[in-house]
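Subject: The structure you asked about

Hi,

Here is the structure, with sequence and coordinates together. Have a look at it first, then read on for my notes.

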Amino acid sequence: MSDLVVDVLTGAVRGGTAIMFAALGETLAERAGVVNLGTEGSMLVGALAGYAVAAETGTPWAGLAAGLVAGGLLALVHAVMVVWRRADQFATGLTVMFLGLGLTSLFGAAYVGRAAPGFDPVAVPLLSDLPVLGEVLFHHDPVTYLSFAAAPLMWWWLRGTRGGLLLRTAGERADVLHVHGYRPGLIRGAAVVAGGALAGVGGAQLATAYAHAWFEGMTAGRGFIAVALVIFAVWRPLWVMAGSYLFGAALALAPALQARGLSLNQFALDALPFLITLAILAILGRRTLRAAPEELRRVFT
Amino acid sequence: MTTQLTPDRVASPLLAPKSGFGPALARWVGALAGAIAIFSILLLTKGADPIATLVDMVVSTTTGASIEQIVIKAAPLVLAAMAVVLPARAGLANVGGEGQVIIGAVAGAGVGLVVSGPAALPLMLIGGALGGALWAGLAVALRVTVGVNEAVTTLLLNYVALDVMLYLIYEPWKDANGSGQPATPPLAIEQRLPLVGGTAVHMGIVLALVAAAAVWLTLRHTSFGFRLSVVGGNPEAARRAGLPVARLLVTAMLLGGALAGLAGVIHLAGIEFKLRPGLTTNIGYIAFLAAWLARHNPLPAVAAAFMLAAITVGGDSLQLDSGLPAATVNVLMALILLAVLGWTAKRSTS
Amino acid sequence: MRKLAALAALLTVPLIACSANTTGTATTGTTSASPGKDSTAVGFIFVGPKDDFGYNQAAYQGSQEVAKAYPNLEVITAENVPEDDNAARVMNSMIAKGAKIIFATSYGHLDAALKVAAEHPDVAVVQQGNLITTAVPKNAGTFFGTVYEPVYLAGIAAGKATKSGKLGYVYAFPITQTIDNINAFELGAQSVNPAAQTFAVSTSSWCDPAKQAEAAANLLKQGVDVITQHQDCTATVIKATEAAGAFTVGYHADASAIAPKGWLTGSQWNWGPLYTDIVKTALGGGFTGSKYNDNFRVGYRTGENPFVQSPYGPLVDAETKAAIEKARDLLKTSSPFAGPVTDQEGKVRIPAGTVPDYTTIEKIDYFVAGVVGTLPKS
């Protein structure tokens with residue numbers, strides 16, 4: 001049984017990493033006051049760009065960089081629409097998702113079934129020998145190790161740097177920025193683009209480190225999950241990290257049970273991650289709304 | 001520099017279009033032309049002739065059969081768009097149309113499994129509406145009791161709804177006499193929506209248009225509709241004015257869910273006749289966009305639903321006539337939506 | 001709620017004066033003597049992308065062989081056609097473009113195919129993989145290979161290769177084709193390795209590579225050392241298996257290129273000859289009453305199976321190859337499901353001495369003994 005727990009936790013890290021990148025990206029956007037349902041699209045273009053560039057250049061690191069750029073570019077569409085054209089955030093996000101889906105199917109066909117170099121798991125010396133933790137945390141691909149640092153870094157950046165302060169202020173009290181001569185729109189747009197870039201990294205991780213394949217629509221709703229996670233993580237990066245692993249664990253439970261011949265209803269297991277997320281949202285209740293960035297609360301109420 | 005919602009929601013949006021028809025038309029033409037220009041560039045990169053492709057596409061939607069298909073596709077879209085429009089008036093974002101459509105179809109099919117004869121169809125429609133209302137009710141209950149945002153919960157519930165349907169069609173409701181495919185037994189003839197005249201179009205479109213008219217009347221000419229827009233404009237002020245905000249929110253969402261549920265059941269009883277895995281093909285999401293395209297005005301939303309249905313039907317031509325990949329139509333739809341969302345509204349300068 | 005009731009009542013009113021919706025259930029109009037005759041075009045619909053490196057790509061390649069065999073025929077293809085009434089619309093558009101022969105190539109396209117067949121008596125509509133359980137209309141039919149036969153042969157290779165006695169099967173949904181495949185794989189493995197078990201893990205998606213990766217990782221962790229699958233996209237599972245140093249049994253296509261070490265064998269499609277023969281039969285006016293105007297099944301018992309065994313990998317020894325040859329010969333008169341077949345509870349489902357027919361096999365809704373996994377109870 002303890003072995004089941006280890007497997008589920010390991011699977012949680014494996015499956016949660018891409019979602020975490022996307023959710024951290026969404027955290028940036030939302031802390032600046034913009035919801036981006038197009039995160040799903042940014043993940044998709046990141047996945048295709050990551051896989052395709054890895055295939056063309058022979059190095060997955062180039063793919064990861066391409067995923068970052070592609071995710072950011074698609075989010076730029078959202079930023080322009082929402083910040084400068086003042087279009088509705090939900091509708092634009094959904095449209096951007098469709099755009100990402102369409103573009104990647106249109107240009108991704110050539111890479112389905114094509115071989116590409118990817119990131120392979122690298123055991124961390126010493127740490128990987130730790131009981132339980134070694135297996136759960138230190139037998140992964142390099143991008144996953146990067147992700148361990150991403151959430152704490154973002155937490156520090158948002159709290160302790162001038163840039164983080166500006167971004168948070170854009171999400172809380174945009175008028176204050178005006179007074180001090182900053183352009184909140186620019187800050188918001190930059191946050192959305194940076195968020196999309198992170199989602200693109202998540203997509204690239206999914207394609208080049210986890211699934212080792214490109215297929216149209218392969219993110220299968222993980223970008224939407226990321227958006228939901230941010231809210232239940234009350235916009236805090238470290239909570240986002242925990243939430244991503246929780247969701248990853250819920251996803252990892254079904255195959256871990258089935259591979260042991262333990263029977264549970266397939267469809268009940270499929271619904272589990274969503275039900276857990278809903279339950280947590282319900283438990284946190286108003287705390288989520290109270291914690292919301294001021295500008296965001298206007299979108300949400 | 002704030003997010004867009006306040007100006008559009010406070011004033012009755014119906015007043016907006018009256019301000020200058022000419023400039024509005026110019027904006028629309030300009031936006032659509034821009035979208036089509038970008039799309040043409042994409043077509044060129046895929047080695048297709050943009051003009052021939054677009055002409056084929058437009059021509060393909062003008063045959064009698066295509067028009068029937070557009071109407072058939074539009075019927076559930078209209079209802080599901082109303083399911084967004086009505087709660088939106090109270091400031092609620094119902095992103096859960098997809099799930100409510102599925103549960104509506106599930107509930108309708110469930111009624112169909114146990115009730116036969118002439119009572120079956122009306123009961124199925126009512127059952128579908130109740131099913132959709134229940135599903136939306138879950139989300140709005142979380143909203144008014146513990147304050148969880150409904151956009152997120154409705155979105156999550158979409159996935160749960162799909163699993164509920166899959167469970168039912170793979171297990172208890174699977175057609176024992178079928179070929180083993182995961183689907184319910186086909187509806188009996190009397191459980192299906194009748195056809196309009198001698199066409200292939202089912203009566204769902206009549207239901208949808210009547211419902212849209214009812215939504216329009218409700219929002220525009222009833223005190224309920226007025227109160228909804230007060231709540232949507234400023235819930236705090238509404239509360240201070242003594243309006244039962246929670247009850248209004250719940251009612252708006254339940255009605256929206258019922259409309260989406262109805263969309264599911266007319267899709268089932270009008271054209272599909274069985275619950276099956278791919279039953280809804282994004283009806284809820286496309287309808288959400290239709291509603292936003294129309295900026296939550298019921299009658300323009302009907303037009304938007306028809307336009308999106310026409311793009312889907314016309315999109316077949318991209319494959320059949322021009323040999324382009326299936327996804328091309330998604331790109332076209334997204335470009336048109338972005339153009340309309342971003343460049344057609346008359347806006348005050350920032 | 002009051003409003004809702006009023007609305008419902010209001011909406012039921014216009015339902016009175018209109019015609020019954022018999023769409024797709026009755027053959028209206030006169031029946032044509034020779035559906036598909038002298039057609040100028042052939043239409044193919046695929047449920048997924050035609051370059052999925054799997055099921056749909058194989059069907060697309062088949063359509064291109066028809067184009068090669070009949071250069072004067074226009075071959076119209078449509079990909080990503082959903083398994084609902086949208087499929088009927090796309091097929092109708094193809095008919096409007098002159099196609100009188102239609103191939104609906106996915107399991108779930110059957111209802112739409114039958115609807116189109118009922119509306120167009122002069123069009124021959126054939127559906128790939130499902131069964132018509134009612135009277136077969138004069139202008140319709142289904143066809144398929146006995147997919148599970150080469151899977152059974154591949155099971156032999158798996159049973160010989162495994163050291164742990166644990167085989168893995170990554171599948172999407174518990175549809176009959178998949179259940180037959182999983183059972184046949186286990187039965188093949190058992191025939192040479194009675195202790196072999198097949199662990200079945202579902203992903204609830206025909207292509208969610210991340211879920212596939214997780215399924216493969218868990219199977220490998222449990223000591224499974226041969227993995228096969230029934231998914232539309234296959235690369236993820238194969239790469240994970242190869243990276244772990246385990247053996248791969250392929251499905252849909254020869255993927256030995258991405259599993260150079262661990263590739264055993266597999267099953268792959270060759271639709272060209274069958275598609276071309278169906279087109280030939282219909283063009284000549286002889287569709288009605290032909291073997292294609294039925295639930296046509298072809299396998300080792302009847303002749304050329306469109307589902308063929310893939311080439312062997314480097315680690316398959318001569319003994320295994322001989323065992324597979326022997327089994328293939330046996331299948332000319334028998335079946336992977338020749339009795340006795342017992343289910344997971346130990347109940348005999350097919351008695352000893354019985355060789356079930358194709359239709360019986362396509363209705364199996366249980367896992368055989370030796371498969372570890374749970375099926376929904378319908």
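This is a predicted model: local features need pLDDT of at least 70, side-chain atom pairs count only at pLDDT 80 or more; totals for chains, interfaces and linings use all residues.

**Where chain A meets its neighbours**

Let's begin with chains A and B. Here 48 residues of chain A are in contact with 41 residues of chain B. On the chain A side, the elements giving two or more residues are α3 (60-84), α4 (89-108), α9, α10 (222-232), α12, α13 (286-291) and α14 (294-300). The largest share, 13 residues, comes from α4(A). Sorted by class, this side of chain A has 27 nonpolar, 13 polar and eight charged residues.

Now for chains A and C. That contact takes 29 residues from chain A and 31 residues from chain C. On the side of chain A that touches chain C, at least two residues each come from α1 (2-31), α9 (184-210), α11 (237-258) and α12 (266-284) of chain A. α11(A) gives the largest share of that side, five residues. The classes there are 15 nonpolar, eight polar and six charged.

**The seven-stranded sheet in chain C**

If you turn to chain C, look for an open sheet of seven strands, in the order β12-β10-β9-β8-β6-β7-β15, with mixed pairing. The edges are β12 (307-309) and β15 (371-372) of chain C; each has a single partner strand, so one side of each is left without a neighbour in the sheet. At the β12(C) end, β10(C) (residues 263-269) runs antiparallel to β12(C), and three bridges join the two. To find the spot on screen, pick Q268(C), which stands opposite V308(C) in β12(C).

Helix α5 (residues 148-161) of chain C lies across β6, β8, β9, β10 and β12 of chain C, and runs at about 175 degrees to β10(C).

Why is helix α8(C) largely enclosed by the rest of the structure? This helix covers residues 235-243 of chain C, and eight of its nine residues are buried, so the rest of the structure largely encloses it. The buried ones are A235(C), T236(C), V237(C), I238(C), K239(C), A240(C), T241(C) and E242(C). Note that K239(C) and E242(C) are on that list. What covers these buried residues includes β6 (166-171), α7 (209-221), β8 (226-230) and β9 (247-252) of chain C. After α8(C) comes G245(C), with a positive phi near 75 degrees.

**Around β4 of chain C**

β4(C) has parallel partners in β3(C) and β5(C). With β3(C) (residues 99-104) there are four bridges, and F103(C) has V126(C) as its bridge partner. With β5(C) (residues 140-145) there are four bridges too, and V125(C) stands opposite A140(C). Finally, β3(C), helix α4(C) (residues 110-119) and β4(C) make a right-handed β-α-β unit.

Cheers

Technical notes:
Residues are numbered from 1 along each chain as its sequence is written. Chains are lettered from A and ligands numbered from 1 in the order in which they are written. Two residues are in contact if their C-beta atoms, placed from the backbone, lie within 7 Å. Ala, Val, Leu, Ile, Met, Phe, Trp, Tyr, Cys and Pro count as nonpolar, Asp, Glu, Lys and Arg as charged, and the others, Gly among them, as polar. A residue is buried if 20 or more other C-beta atoms lie within 10 Å of its own, exposed if 12 or fewer, and partly exposed in between; C-beta atoms are placed from the backbone. Two strands pair if DSSP finds at least two bridges between them. Axes are lines fitted to C-alpha atoms, for helices over the stretch in contact, and angles run from 0 to 180 degrees between N-to-C directions. A crossover is right-handed if, with the strands pointing away from the viewer, the path from the first strand over the helix to the second runs clockwise.
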